[in-house]
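Here are my notes on this model, as numbered points. Please read them with the coordinates open.

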Amino acid sequence: MTYHKTILLLPLLAAVAAPAPARAASGRYHHSPCTPKSKLPGCVLKSHSTELQPYTPKKHTDNGLKDRMTEAGRRARGFYITAYWMSRIGAKKTAQMMKRANMTAVVIDMKDDFGQITYPSKIPLARRLAQRYVKDPAEAAKIFHEHGIYVIGRVVCFKDSRLPYHRPDLAVRIGPRAERLFSAGANWIDHYSAEVQDYLVDIALELQSFGFDEVQFDYIRFPKGFAGTLGRWLHAEKDKRDRSTLIASFLEKVDRALTIPISVDIYGLTTLVDGDPRSLGQTIEQMARYVDGVSPMMYANGMRTYFKGDKVTERVYSIIHCGLWRARHKAPGIVLRPYLQAYPDSVQDFFGHDFIKKQVLAAERAGSNGFLFWNAGMRNGVAYAALQQMGKHIDAFGSDVEQYKTPSNNPGAWCPQQGMVFGGNGKNGAASRKAKGGNGDGAEE
C-alpha cells in the first residue's frame, strides 16, 4: 500500500538525514569551531582587546513598513527543515512529502543555531562561515513553488557560535575587563552593533533575492537567566533603550529594508505574561508593529517546571490554548502561527498521533492562522502520519480566526486576558492549581 510506505518513509529518511553533531578537538561535543590547529582570533587568544573596529552603518533602501503577507503565508502549515536534510533529500522530495501530509510550507535553516551560513553567500562576513548545504537556494525556492509550497528562510539572529571566533569585537563579552567571549551554552553577537545588525539585514536581503516568500528570525532576543545579566555589550555605549525597544527598532530596520514579509519566533512564555519581565527583549505588542507573523514556541517539554514533579500531563493542551488565545488578544491583526512539538521529550507517556492532533486543535480554537512543527532531529514520522490522518480537516485550518472570541473557546477564568497567568514566575506556578482542565506554563524553551 502506497499510503503505509509513505508514512514509514519519512522516519527512515530522517534517520539517514539527521546530522552528526560536530566534535571539538577534545572529542567532546561543543559549539565552538576551534581545533588544535585553528588560527581564528577567538580560538588563539583567550583575552581580547575591547577596541572596536571602525564601521560605517549601511543605508538600506527604505521600502516602508507594509509587506503584505499572501493568503498562502497567512495560513501556512508545515515543518522545520534542516539544511543538512536539504543537502541529502532535496527540495523536490521534501515538497512531495509536504503535499502528502496536507502541508503547505517549509521553514529552512539559512543561518543556523551555530551561526553557520548554510548556502553560498556573497556577504563578506558570511563567506567565512558558510557550509553550503543548500547549494542553490534560488533553485530550491523555485521547485518548492512549483509544488505549491510556501518557502520561509530561518535566520538565527544573535545566538552565534561562529562569528565571535572570527570577530571577537562583535561578540558579547564577559569578565572583569570584558576580555573574554561570553558563553551561556552558546556564544552571542552584540545586539547593539550596527555591523551585526547590517549583517543580519544583508542575509535577509539575500534570501529575498533567492525568491523566498518570507524571512523568519529566531533567537531574536537577549540571553536568558542569570547568565544573561553578566554579559558585556561593547557597542552599547550610551544607548539607554530597554531591550524590547532595541529589538523592535532592529525589526523596523529589517522591515524597511525588505519587500517580503518577516516573522519572529518567540518564547511561549511571552504569551502568558505581560510586557517583558525577564528582559529578553520580546514583547509581542512591540514586535507586532514591524513583523507580519509571530510564532510562539509552545513546546510541552519547556513547560515541565509548571507541573508537579516536573511531570507534564495532558493538561498541557489547555496551556497551549491559553497562551495562543492571549497572544491573539495581544496582537489581533498579526499572523499567529505557533511552533508545536513533534518530538517526545517530556511527553513520552502520551506521545503519539493524538498528541499531534490535540496541539493542532488547541491552536485552532485559539484563533491561529496556521502552524509549524519542530523536530530538530528531523524524525517527524509520528507528526507526519497524524497530519495525514487529519485529512481535509487540515485544509480548513485558519479559515475562522475570529473563533477565539466565542465564549466556548474562552480557556476559563484561570487564563485571564491580561495579567500574569499563574503569577508568571515560571517556578511551579501552576503545580498547585487545577482550573478547568488547565495547569502548566508558557512553554519555556
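1. Start with strands β2 and β3. Strand β2 (residues 105-111) pairs with strand β3 (residues 150-156) in the parallel sense, over six bridges. A105 stands opposite Y150 in β3. Keep in mind that this is a predicted model. β2 itself is mostly covered, with seven of its seven residues buried.

2. Now the other partner of β2. Strand β1 pairs with β2 in the parallel sense, and four bridges connect the two. At F79, the bridge partner in β2 is V106.

3. How many residues of strand β1 are buried? Five of the five residues (77-81) are, so β1 is largely enclosed by the rest of the structure.

4. Next, the cysteines. How many disulfides does a search of the whole structure find? It finds two. With the bonded cysteines numbered in sequence order, the pairing is 1-2, 3-4. C157 is also worth checking: its relative accessibility is 0%, so it counts as buried.

5. The link is left-handed, at -90 degrees about the S-S bond. Are its ends buried or exposed? C34 has a relative accessible area of 17%, which makes it buried. C43 also counts as buried, at 11% relative accessibility. The cut-off for buried is under 20%.

6. The other disulfide joins C322 to C415, S to S 2.0 Å. Its torsion about the S-S bond is about 90 degrees, so this disulfide is right-handed. The pair links distant parts of the chain, 93 residues apart. C322 lies in helix α11 (residues 316-330), and C415 lies in the segment after α13 (381-390). C322 is buried, at 1% relative accessibility. C415 is buried as well, with a relative accessible area of 1%.

7. Turn to the helix pair α12 and α13. Two packed helices are described by the angle between their axes and the distance between the axes. For helix α12 (residues 353-365) and α13, the angle is about 65 degrees and the axes are 8 Å apart. Their crossing is right-handed. On the α12 side, the contact is made by H353, I356, K357, V360 and L361. On the α13 side, the contact residues are V382, A383, A385, A386, L387, Q389 and M390.

8. How much of α13 is covered? Eight of its 10 residues are buried, so the helix is mostly covered. The buried residues are G381, A383, Y384, A385, A386, L387, Q388 and M390. Among them, A383, A385, A386, L387 and M390 also belong to the contact with α12. G391 follows the helix, and its phi is positive, near 55 degrees.

9. A last point concerns a loop. Where is D345 found? D345 sits in the loop between β10 (339-341) and α12. D345 is partly exposed, with a relative accessible area of 39%. Along the chain, D345 and G302 are 43 residues apart, and their C-alpha atoms are separated by 9.2 Å.

Definitions and conventions
Residues are numbered from 1 along each chain as its sequence is written. This is a predicted model: local features need pLDDT of at least 70, side-chain atom pairs count only at pLDDT 80 or more; totals for chains, interfaces and linings use all residues. Side-chain values use heavy atoms; hydrogens and water are left out. Buried means under 20% relative accessible area, exposed over 50%, partly exposed in between (1.4 Å probe, protein chains only). Two strands pair if DSSP finds at least two bridges between them. A disulfide is a pair of cysteine sulfur atoms within 2.5 Å. Axes are lines fitted to C-alpha atoms, for helices over the stretch in contact, and angles run from 0 to 180 degrees between N-to-C directions. A crossing is left-handed if the near helix is turned anticlockwise from the far one by less than a right angle, and right-handed if clockwise. Contact means heavy atoms within 4.5 Å.
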